[in-house]
Structure formats: structure tokens, C-alpha cells
Amino acid sequence: MERIKQKLEQSTVGIAGAGGLGSNAAVALARAGIGGLIIVDFDKIEEKNINRQYYFLDQVGKNKVDALKDNIKKINPKVKVETINVKLEKGEMEKPFKHVDVIIEALDDADIKKEFIEEVLKKLPDKPVVGASGVAGYGNSERIKTVRSGNLYMCYDEKARSCDDDVLMAPRVALMANWEANLALEILLGEDK
């Protein structure tokens, strides 16, 4: 147990996106004892986000990265949280994540997700990337699986409808976010599982 604790304290995870997936994954990693988080997002909290993202009503209007840092500090003040309040731009998406051990993709837009994953895997080929697809809806948890291709690990439900065609609900979003966090721990801890 002590070896796992030390390994996690010496590890940093980068998270692209601080919405439903990113905010919940960050909180799970903080609770697990991760040493550092680099969180990148440009958005502000809206009241409609509260149903599935790890924010509170009194944080509406704040930058997501700043509010998430505050929430993490209340959970585990030992976590070193670096926030970057920018929109990831094509051609430079990998830059904030050069010095992390694992990257979690937690972006909303399917096209941007794809661009991000492709760009990071090309420019940082040795960095494991954890992504999620099939987040919308509810139920059917048995369909979720991990699909791996090289350094890409996807939490995946191939039968889920898109977010445009289905509702985003807290249990399913949190399940996928925690699946991403769990995969990150699995990668970081390797033989210590």
C-alpha cells in the first residue's frame, strides 16, 4: 500500500477538458492520492452543467479550471493542481501535456476529441492517452469496455447514441469519468495492481 501511495504522489496526470468527464476524473484522481494534475479548459460554469459536472451552484459563472482547483483543494490539499485557462488549438494541443505521465482526454466535441488524440499520439508518442466514447444515455453499463490501440486506451460503448441524439446524465458521465481515472491509475501503477 505504501509503495502505491508513493508512486501516485510522484505522478502527474494531464486532463484536457474540465466538463463532465474531466471534472469527475480529476476528483477521483485527487481522492486516490495523485501528486499532480494539469487541467486545461477555457469554459465557464453554467447552471445547466451542475447536473453532471463536479461543480456547485455558487460556482456558476466562474472559470471551470479555477473552480475545479478549489474543489480539489477541499478534497485533497496535497495535490499540486496547475490550471491552464485556454482553448486547445489545433497544432499546439500537446503543449500543456509534455511533462505529465498520463493524459486524459475529456473533451466535448467529437471532432476536437479526434484531433486531440491524433495530435497528441503523433507528437508525444510515448505518452499514454485515455479517452472516452459513448458517454450519452443511461443504463447498459455492461456494454462499456476498454479498447486499447498502442498508447491509446478508450472507455468505449460502441452502441451508445451520440450526445446530439441522447441526454447526458450524471451516473453515466461519472461512470465513464471514473473509468478513465481508473485506467490512468492502472497505467501509472502497472505491476503494483
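Start by selecting Gly 20, Leu 21, Gly 22, Ser 23, Asn 24, Ala 25, Ala 26, Val 27, Ala 28, Leu 29 and Ala 30 in helix 2 of this predicted model: these residues are buried. Now widen the selection to the whole of helix 2, residues 20-32. With 11 of its 13 residues buried, helix 2 is largely enclosed by the rest of the structure. From first C-alpha to last, helix 2 reaches 18 Å, close to the 18 Å expected at 1.5 Å a residue.

You will find an open sheet of 7 strands with mixed pairing, in the order 3-2-1-4-5-7-6. Which strands form the edges? Select strand 3 (80-84) and strand 6 (145-149), each of which pairs on one side only. As you go from one strand to the next, the twist averages 20 degrees.

For a closer look at one pairing, pick strand 5 (residues 129-133) and strand 7 (residues 152-156). These two run parallel and are joined by 5 bridges. Highlight Val 130 and you can find its bridge partner, Tyr 153, in strand 7.

Helix 3 (residues 64-75) lies across strand 2 (36-40) and strand 3, and runs at about 170 degrees to strand 3. Finish with helix 4, residues 110-123. Which strands does helix 4 lie across? They are strand 1 (12-16), strand 4 (102-105), strand 5 and strand 7, and helix 4 runs at about 165 degrees to strand 4.

Methods
Residues numbered from 1 in each chain as written. Predicted model: local features only at pLDDT ≥ 70, side-chain atom pairs only at ≥ 80, totals over all residues. Heavy atoms only, no water. Pairing = 2+ DSSP bridges. Helix = DSSP H or I, 4+ residues; strand = E, 2+ residues; numbered from the N terminus. Axes fitted to C-alpha atoms, helices over the stretch in contact; angles between N-to-C directions. Contact = heavy atoms within 4.5 Å. Expected span 1.5 Å × (residues − 1). Buried < 20%, exposed > 50% of the residue type's maximum accessible area, 1.4 Å probe, protein only.
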